[in-house]
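Q: I have the structure open here. Can you walk me through it?

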Number of protein chains: 4
Amino acid sequence: MDFSLSPIAQDYCDRVRRFMDEEIRPVEHAYHRELQQRDDKWVVLPIIRELKAKARAAGLWNMFLPDAELGAGLSVTDYAPVAELTGQSAIAPEIFNCNAPDTGNMEVLYHYGSDTQKAEWLTPLLAGEIRSAFCMTEPDVASSDATNMAATALIEGDEVVLNGRKWWSTGIGHPDCRVLIFMGLTDPGAHRHAQHSMVLVPKDAPGVRVTRMLQTMGMYDEPYGHGEVEFNNVRLPVSNIIAGPGRGFEIAQGRLGPGRIHHCMRLIGLAELALQLMCERGTARQAFGKPLVNLGGNRERIADARMMIEQARLLVLKAAWLIDQRGVMAAMSEISQIKVICPNVAQTVVDMAMQIHGGAGLSEDTPLAMAWTAARALRLADGPDEVHRGLVAKFELMKYRG
Amino acid sequence: MDFSLSPIAQDYCDRVRRFMDEEIRPVEHAYHRELQQRDDKWVVLPIIRELKAKARAAGLWNMFLPDAELGAGLSVTDYAPVAELTGQSAIAPEIFNCNAPDTGNMEVLYHYGSDTQKAEWLTPLLAGEIRSAFCMTEPDVASSDATNMAATALIEGDEVVLNGRKWWSTGIGHPDCRVLIFMGLTDPGAHRHAQHSMVLVPKDAPGVRVTRMLQTMGMYDEPYGHGEVEFNNVRLPVSNIIAGPGRGFEIAQGRLGPGRIHHCMRLIGLAELALQLMCERGTARQAFGKPLVNLGGNRERIADARMMIEQARLLVLKAAWLIDQRGVMAAMSEISQIKVICPNVAQTVVDMAMQIHGGAGLSEDTPLAMAWTAARALRLADGPDEVHRGLVAKFELMKYRG
Amino acid sequence: MDFSLSPIAQDYCDRVRRFMDEEIRPVEHAYHRELQQRDDKWVVLPIIRELKAKARAAGLWNMFLPDAELGAGLSVTDYAPVAELTGQSAIAPEIFNCNAPDTGNMEVLYHYGSDTQKAEWLTPLLAGEIRSAFCMTEPDVASSDATNMAATALIEGDEVVLNGRKWWSTGIGHPDCRVLIFMGLTDPGAHRHAQHSMVLVPKDAPGVRVTRMLQTMGMYDEPYGHGEVEFNNVRLPVSNIIAGPGRGFEIAQGRLGPGRIHHCMRLIGLAELALQLMCERGTARQAFGKPLVNLGGNRERIADARMMIEQARLLVLKAAWLIDQRGVMAAMSEISQIKVICPNVAQTVVDMAMQIHGGAGLSEDTPLAMAWTAARALRLADGPDEVHRGLVAKFELMKYRG
Amino acid sequence: MDFSLSPIAQDYCDRVRRFMDEEIRPVEHAYHRELQQRDDKWVVLPIIRELKAKARAAGLWNMFLPDAELGAGLSVTDYAPVAELTGQSAIAPEIFNCNAPDTGNMEVLYHYGSDTQKAEWLTPLLAGEIRSAFCMTEPDVASSDATNMAATALIEGDEVVLNGRKWWSTGIGHPDCRVLIFMGLTDPGAHRHAQHSMVLVPKDAPGVRVTRMLQTMGMYDEPYGHGEVEFNNVRLPVSNIIAGPGRGFEIAQGRLGPGRIHHCMRLIGLAELALQLMCERGTARQAFGKPLVNLGGNRERIADARMMIEQARLLVLKAAWLIDQRGVMAAMSEISQIKVICPNVAQTVVDMAMQIHGGAGLSEDTPLAMAWTAARALRLADGPDEVHRGLVAKFELMKYRG
């Protein structure tokens, strides 16, 4: 049993922390204000491109990818504390080229892509030159049950033909978004886990139409956004299918493991930030003759926040370690567990922090309101809490089968 | 003990429900879409003016005001279930001229205003011709402790001179907003509850400047909005003070009682709407071969929602009844209790409803996302949960004093 | 809407409160100590018989029975606040002859018993001369699903023959217990709600054997207790069936309505007692230089306790009022709601009170440890929380059926 | 980062698990029944002595003690998973000579005892020949604040004179209990942390009187028990003071670190047992045509239990690792955190398991009722939740001090 960071993880954490302190935090508030004041917010402001170049030059780039040549060569466990740090800023993940859904899409291409697919899409993605989206969830069915999926990816000769409606395609609003990974039903007669295919779709392919950008709690999250997308007889060569027809489900499973570690660690980072703001505000501001932390149950809330965060972080790290040691399949229960726990912990800690900030906590004057919405949304993204609780129970009860 | 609605409450409920079903619900979604698509959202769309006229003609107007001549003559208890109904729509309160903060401001003028003040401001407010704001909370101090208030309303000869910064002045963005009620420190040497004054301030008085509109979770809530306002040597005749110098605190106390009943009952209405949407979606949509309500703990959540709502409603009604029977001062603990309970109940039920809606629950396709933000914000507006819990405890412990 | 007590309820409350203050509280601690020190605790100590006589003489007797001649003529609503008071003492219910399960059993006999049955059992029960038990729950099946019931009450000619095992037959250990109401399956072919019968069984009937008294959290709750009972070919005349064969389910339903009101209001009383002890201890004892109430979140907990109690009480009262106004069937959802809420509220408030008492809260020096166990057990007695939540959801969803 | 057990921890876990499966579990139920049926329960039944001998022979003895010669040489981290296993049985800790408070007392003697003290008391304690108690908590003050301590240990020449009343002296009822460690005030003028002394007191010293055994939720927990003890001018040589006058506080701090790890890991074991029983019962028993696990929110509860346990265990292990790596002082926040978390997790999981067992969960037919009471009591023992939350907050806020 060893709870210390490995030297390489420690090194990356130190450097990322320094980069964030020196380069990102000082400009972040101004960035958001500038974006907010633009009429067209679907843009990449120059500061982002500058910081991306700096991060790349500093070797803080593609740290999510375990490959030592293409990425930083960090294990999932070693990348986890790095992801935690990047979660404290809304723009840091993009700057380090470690932003969802691109990370997951790059991993898919890395593990399952053909050489041609890699050359066309993985290379520019790793270079941060283009961005991508993932089109899985559908508006007309409960997508938490994958067998509900109605969109189709039918093979007709040399072509695969895509039809259907997707939504919550995150990042599709970004001006650099060039490629979508689409998941659809190819063979309803096959085994339950071999019916779907994943297909690479150039965003400008005929038949692809973003019908609207969706609000999350009234916000568009520009310049990334979440789109509703129509696929209307989109015809592509079968070579655009990733790893061949029928392997969509398998790829999706593998994709989600490390991706959830990243999401969860970023949420831990967000929760840490909220706790920090809570302590700072609570000691700086007075009411009824005392600093706020000394009023009512505020200290107990600080303690609860600390306890929730510590526990959640350890479980994410253990899940990461299991993935590294035994593979994603051996960590399925833990992955579902953290998927439930982390957004809830982040939401709860942010909620407490908002209360101690009063009206400022609701406003744009602190990062709390955005953090709150982000954490809340992640209780649904990648499957609602309830579905993951169901999976955890299923794994638990499997121990008691004859 | 009698839990039935009085005949007059029943009659108003029936008429309001019908008006909402026939006039408001059919246009509501289109209203929001139209507003959303405008560049300038700080406007009153024609449909609102039309519906206000219809509501007034139908006698569904100023129902919050117990005065039988100027309002509908409903007691606080009788108005409560009406407020619950109007809480199910974001635009209904304005249509019935029962919208915060105007209701509270009208009550203040009704109870404490001079004849001149009434003629100038109460009459057009009751007619729905103008709107108002309430300027109490300040950005630089913990406003939950009224003694922190830094803004001043100093008497100089015949004039009262206002200085200071206020924020979260709700409704100040509305194009019809004409008058503000400002609260400031007049006499720091007076008894703790006699130091402040309330002053009527024409919105266009020299020295008044709305420095920005505040976002709540990224939204401006147009066309009402919440403003940050600078008062820079605003000079007004002393006759603009309501009820005379030093009575601000007393008026504020009285103002908040019925106002909280209204807020709380609207939140009950919101929670009922969320529960309804939850049941409808949960029975209509399938996953894993079953309607969603039959999955996991969804039925238990429906039961929990029902139980929370029933209990909260009864306590609001009891608080209303106490105000009617014994006055606001006798109901202080109950008023603080419901101020804690109702936003939390609404937030919790809306949260459950969002989960069962999946991504749709976060989007503009249901009223849930707005409801969620509204309920969350009301855990801070009119004093954070923690302050009200402190008051409830204080009242409880007073029973045990020698 | 009227939240005041009726004059008759007020009068009974005043008299019961006085009787408890003057007669019961002063002797209660000594009673428990005396009982505790006896080897045989399955006895009625003389003080109980004395107090019963005094209570009867004072007209504080059978107050649960709405019949004005046999009982006090109180409606369910009017009796509710009386039951709340009696819930603050472990011995008060017996002293007022208002103790479960006798109250429910008397109501069954009152509403469904034949004249002979009444003469034989109801009269001495009303006189407090004998006591009774109710034999429904079974050890070998999940009794929350009544259709699981395995015990039989088969008709053979003029006789009904009982077989099966029951447990949690409360009160069966009492030395005055003379009669059991047994529920068993008579006709498996009948409609789901017409298969069972209720049968009056003299405790000393051949074939009846109490195989053991059950511990609840290690305690026997002498002299009442909960028994496991074997019915082995118990043969009784068919005239011992209450209201005729097949009516068991119907009687059970009616029995549970007012019974749950009583249980719930007693739990409210218990919660009030715990809150009182919490406030008293919290103001009397010091740590870290302050009274305990001023430490950490203690005041928030006091507020939470007050809010929970207020809400729960109102819902019980509303359920009682619904039973009075529209009958048990119209109040089924509310009855299940309070059955979930009240034991949980009592358990939670007692838990808080225990914490503030430190070790004393766990010991026999306060009534808290017993209250804790009682509240916990009532989350299972009369159906577990989960089953009642299921019923509440069922009633809720019925509103949305085509 | 490494989440695997060390080889030595794995080896001890395997052997302890086997010993428990083969020797303890088969006799445990009979042991409790036999004890229960005795009039005098303050005895050591022969089976306990037999099993102690077997455990000692198997080298499963004093595993808590890191000393390789006197104990098993396990680090705190390595012993933790062993303690988890022993927590699944109420008698296992004694059988392995790893029972509180003896473990803590042995550690005190090991680290701070003089050679004479060790020879007299540590040797027979390590041999399991005698047992001990710890006398710190007092009935008349809030003992969570150590400065409240009223008992005295005054030096008079060569003697130390003890006076005062202690309670919750666990284990003092055991027939083999021979020695008490008493903590009292020696020098009120000294620095806050140097005022108290710890004194070794033979149980039969003149002036020591166990005035009563205390009930915990109505139970005496024979043959260990919790005593109230009077120290009336107990005169002992100053050589009975451990480590010299004024070092009581320092010793107490060190004593509590590993002791809390043990307690917490045993609670994790208890929670695991409850979860196991919950799954077994939930799959074995049917209601409404389904196994109980498939009803209502039961699967979500199973998932919640699994998530709580995983997180709590990891935090205990991390705290243990911190103690091993950096000492108790560096782990103070984590120790307080687990002291809050583990009893609550155990109580919550046991609570869920009880619900799924229905009445059986309350009775002596499952270990749940005892587990419930044990977990509940541990929310107060060694300091109430609230005090530890306060400490966690204090450590957190220290990060923000100038």
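Q: Which residues of chain A does UniProt list for "domain: Acyl-CoA oxidase/dehydrogenase middle"?
A: The UniProt record, an unreviewed entry, lists residues 133-234 of chain A. Keep in mind that the model is predicted.

Q: What is residues 133-234 of chain A made of, helix or strand?
A: The span is 51% strand and 0% helix. Its end C-alpha atoms are 16 Å apart.

Q: And where does UniProt put "domain: Acyl-CoA dehydrogenase/oxidase C-terminal" on chain A?
A: At residues 246-394, again from an unreviewed entry. That stretch of chain A is 76% helix and 3% strand, with end C-alpha atoms 25 Å apart.

Q: Switching to the contacts. How many residues of chain A are in contact with chain B?
A: 39 residues of chain A, and they meet 39 residues of chain B. On the chain A side, the elements giving two or more residues are β3 (159-170), β8 (286-287), α10 (368-378) and α11 (385-398).

Q: Which of them gives the most?
A: α10(A), with five residues. By type, the side of chain A that touches chain B has 17 nonpolar, 15 polar and seven charged residues.

Q: OK, now chain D against chain A. How many residues does each give to the contact?
A: 34 from chain D and 34 from chain A. The chain D elements that supply two or more residues are α7 (248-284), α8 (298-326), α9 (332-357) and α12 (385-398). The largest share, 14 residues, is from α8(D). That side of chain D divides into 19 nonpolar, six polar and nine charged residues.

Q: Why do you say the copies meet through the same surface?
A: Because 100% of the interface residues of chain D are also interface residues in chain A.

Q: Back inside chain D. How do the axes of α5(D) and α7(D) cross?
A: At roughly 135 degrees, where the axis of α5 (residues 102-112) comes within 9 Å of that of α7(D). The two helices are therefore oblique to each other. The crossing of α5(D) and α7(D) is right-handed.

Q: Which residues meet there?
A: From α5(D), T103(D), G104(D), E107(D), V108(D), H111(D) and Y112(D). They meet I251(D), G254(D), R255(D), P258(D), G259(D) and H262(D) of α7(D). The residues of this contact divide into four nonpolar, six polar and two charged.

Methods:
Residues are numbered from 1 along each chain as its sequence is written. Chains are lettered from A and ligands numbered from 1 in the order in which they are written. This is a predicted model: local features need pLDDT of at least 70, side-chain atom pairs count only at pLDDT 80 or more; totals for chains, interfaces and linings use all residues. Two residues are in contact if their C-beta atoms, placed from the backbone, lie within 7 Å. Helices (H or I, at least four residues) and strands (E, at least two) are DSSP runs, numbered from the N terminus. Ala, Val, Leu, Ile, Met, Phe, Trp, Tyr, Cys and Pro count as nonpolar, Asp, Glu, Lys and Arg as charged, and the others, Gly among them, as polar. UniProt positions are given in the numbering used here, feature names are shortened, and annotations may be inferred rather than shown by experiment. Axes are lines fitted to C-alpha atoms, for helices over the stretch in contact, and angles run from 0 to 180 degrees between N-to-C directions. Angles under 35 degrees count as roughly parallel, over 145 as roughly antiparallel, 65 to 115 as roughly perpendicular and the rest as oblique. A crossing is left-handed if the near helix is turned anticlockwise from the far one by less than a right angle, and right-handed if clockwise.
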